[in-house]
Amino acid sequence: MTRIIALANQKGGVGKTTTTLNLGAALAERGRRVLLIDLDPQSNLTMGLGLNPYEQDATAYQVLLNADRGAGFAVQPVREQLDLIPATLDMAAAEVELMMSLARESMLRKALHPLRNNYDYILIDPPPSLGLFTLNALVAATEVLIPLQPHPYALKGLTQLRQTITLIQKDVNPGLQIGGILFTQVQRNNLAVTLEERLRGSALGTLVYRTTIPQNVRITESSASGLPVIEYDRSCAGATAYLELAEEVDSGTAES
Ligand SMILES: Nc1ncnc2c1ncn2[C@@H]1O[C@H](COP(=O)(O)OP(=O)(O)OP(=O)(O)O)[C@@H](O)[C@H]1O
Ligand SMILES: [Mg+2]
């Protein structure tokens, strides 16, 4: 069965896009068939794969507004085993148009239905808000991966996100699971270590991935060059961490 993972956190800059791109590339390298969906008008994922968001004809924008067509028409191959549905910078208008439609939070789910046997993983990268794009991602998903920067306020935002997840589970997507919480941009200082230990020791502790992603400038450089970090510098700490995360995520998949 396809695992559809929404990388959600309404806080900006926590590593949603970076993780979508690099986890996706690492899973593809493991032989998995992977589709990435850029659901953010900022189009960072599209740009991070070296594509120009001004030049895309078929985008997540059309997918959401023409859900009956199925999402297949907007899929572009970007690497072996790795496909992308790109975003476009004027996608913000889609959110307004989407407001007008019935079942507006289920459009992505509907559009992905015909693709569900083509992939082992579909990773969705929404914007930093709990608006309609993020709701579409959570309704379409089978699980949520929550990237989190170890910060004193991070846990507050987590409460709000978990409330939203609970509502979605109750109303439209009872099968939605929290796949895990991922610490990103981790610096080895006392504050980060204390916060990580506190969360691992809390009721949420079992949800935290064993793998953490270190703060690593090679990660930023790789996105700016339009490459996954495993292609940019395979031996850097960031590449090692994302390969390890792919293994951890994949170990939750039954071998077929
Ligand atoms: N592990 C890391 N080490 C160093 N820099 C990182 C790391 N992860 C992400 N970054 C950088 O931090 C910035 C924010 O990351 P990213 O775009 O992935 O976050 P986001 O949650 O998708 O942001 P937004 O909410 O705006 O969509 C980017 O410039 C990215 O290159
Ligand atoms: Mg992003």
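Predicted model: local features only at pLDDT ≥ 70, side-chain atom pairs only at ≥ 80, totals over all residues.
## Basis

Local features need pLDDT of at least 70 and side-chain atom pairs count only at pLDDT 80 or more, while totals for chains, interfaces and linings use all residues. Residues are numbered from 1 along each chain as its sequence is written, and chains are lettered from A and ligands numbered from 1 in the order written.

## Ligand shell

Ligand 1 is surrounded by 21 residues (C-beta, placed from the backbone, within 6 Å). The closest are Gly12, Lys16, Thr17, Thr18 and Pro128. Two elements give two or more residues each: α1 (16-29) and α9 (217-224). Helices are DSSP runs of H or I, at least four residues; strands are runs of E, at least two.

## Sheet

The open sheet has 7 strands in the order β3-β4-β2-β5-β1-β6-β7, with mixed pairing (at least two DSSP bridges per pair). β3 (76-79) and β7 (177-183) each have a single partner strand, so one side of each lacks a neighbour in the sheet. The twist averages 25° from one strand to the next; angles run from 0 to 180 degrees between N-to-C directions, with axes fitted to C-alpha atoms.

Strands β1 (3-7) and β5 (121-125) run parallel, joined by 4 bridges. Ile5 stands opposite Leu123 in β5.

## Helix pair

The axes of α1 and α11 (237-250) come within 8 Å and cross at roughly 70°. They are therefore roughly perpendicular (65 to 115 degrees). Contact residues include Leu23 of α1 and Leu245 of α11 (C-beta atoms, placed from the backbone, within 7 Å).

How values were computed
Parallel < 35°, antiparallel > 145°, perpendicular 65-115°, else oblique. Contact = placed C-beta atoms within 7 Å.
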